[in-house]
Amino acid sequence: MNNSSTIKGYSYASLSAITFGTIPLFSIPVMESGMLLPSVLIYRFAFGCLFMMAILLWRKQNLHIRWGDGLRIMFLSIMYAVSAVCLFSSYEYMPGGIATTLLFSYPVWTEILLILFFNEKLTIRISLAILLAIAGVAFLGGIGQTDGIKSMWGVTLAMSSGLLYAIYMVLFPHMRIRKLPALKVNFYIFFMAMLLLMLYATFTTGGVQRISNADSFLSLILLGLIPTTISNVTLVRSLTLIDSASVAILGAFEPLTAMTIGITLMGEPLTTSIIIGCVLIITSVILLITKGKTLPNPLRKYAEHQE
């Protein structure tokens, strides 16, 4: 893996995390207007599919996939859809900052899965980067703050979301579908996830709700574009260029982005805890990118071919 590919991998992973961190900005106002969780997620994936389909058609890209690849994508779609449901559901039981802190358990889950199933060696550098990132997110979310937690079920949901997201990130680089174009893979993942959520909505909320106003319509379009299409296409691309553990650690930009949006656009206070959290996260990222890790040979060859 050359330096150019590594830099691109870190850049894609950072962009993915930053755009993913905008989810509360676009989803919470829609939920506050009365739209229930399943419908919000369905519209998120539906608009994301429309954006990706438009790009695929513009590129005149073949949409055909093999039956086996379809089954693999279906499995990833289940992981992604259930993870999203768990995260959004946890917002009902705790403040968004705490939920984001618990979601960020996924770098730890990622490293555990890599060690248990893929013979990954846990280095001191990666261990320290993970610890600093988690500590930073804990400060961002208000370390020791438990007053807003209404039920431990919310904690379970947020932690489960992190675990499922880690499984998604760890499995993808080791699956054959990694060789397919990132946009094509994401289109099918979102399309299948949307179908699964439509089935879920039918049995839980009586179906998909209508969009009630223009503001909600605009928020849902942006939800489908920024933290869905852009975030996930860059995530898949980064996973072909750098290792899953590094991508997971760079995910610390997610809560950092969410907190920045809260302070600049929603009038949330800038506290000492937030400043400490930002410093720890930036330190973690610098520690990570100053000494890169290499990919296994199959992924290295693929990434170099993509260049």
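**Salt bridges and rings**

Tutor: Start with Arg-176 and Asp-69, whose side chains form a salt bridge with N and O 3.1 Å apart. Keep in mind that this is a predicted model.

Student: Where do Arg-176 and Asp-69 lie?

Tutor: Asp-69 is in helix α4, and Arg-176 is in the loop between α8 (152-171) and α9 (182-204), so the pair ties together parts that are 107 residues apart in sequence.

Student: Is Asp-69 buried or exposed?

Tutor: Asp-69 is buried, because its relative accessible area is 6% and the cut-off for buried is under 20%.

Student: And Arg-176, how accessible?

Tutor: Arg-176 is partly exposed, at 38% relative accessibility.

Student: What else does Asp-69 form a salt bridge with?

Tutor: Arg-72. The closest N and O atoms of that pair are 3.5 Å apart. Arg-72 is partly exposed, with 30% relative accessibility.

Student: How far apart are Asp-69 and Arg-72 along the helix?

Tutor: They are 3 residues apart in helix α4 (residues 67-90), so about one helical turn separates them.

Student: How many salt bridges are there in the whole structure?

Tutor: The search finds 2. Salt bridges link Asp-69, Arg-72 and Arg-176 in a network.

Student: New topic. How many aromatic pairs does the search find?

Tutor: There are 10 aromatic pairs in the whole structure.

Student: Which residues do ring pairs link into a cluster?

Tutor: The cluster consists of Phe-20, Phe-45, Tyr-80, Tyr-165, Tyr-168 and Phe-190, linked by ring pairs.

How values were computed: Residues are numbered from 1 along each chain as its sequence is written. This is a predicted model: local features need pLDDT of at least 70, side-chain atom pairs count only at pLDDT 80 or more; totals for chains, interfaces and linings use all residues. Side-chain values use heavy atoms; hydrogens and water are left out. Rings of Phe, Tyr and Trp (its six-membered ring) pair if their centres lie within 6.5 Å; planes under 30 degrees apart count as stacked, over 60 as edge-to-face and the rest as tilted. A salt bridge is a side-chain nitrogen of Lys or Arg within 4 Å of a carboxyl oxygen of Asp or Glu. Helices (H or I, at least four residues) and strands (E, at least two) are DSSP runs, numbered from the N terminus. Buried means under 20% relative accessible area, exposed over 50%, partly exposed in between (1.4 Å probe, protein chains only).
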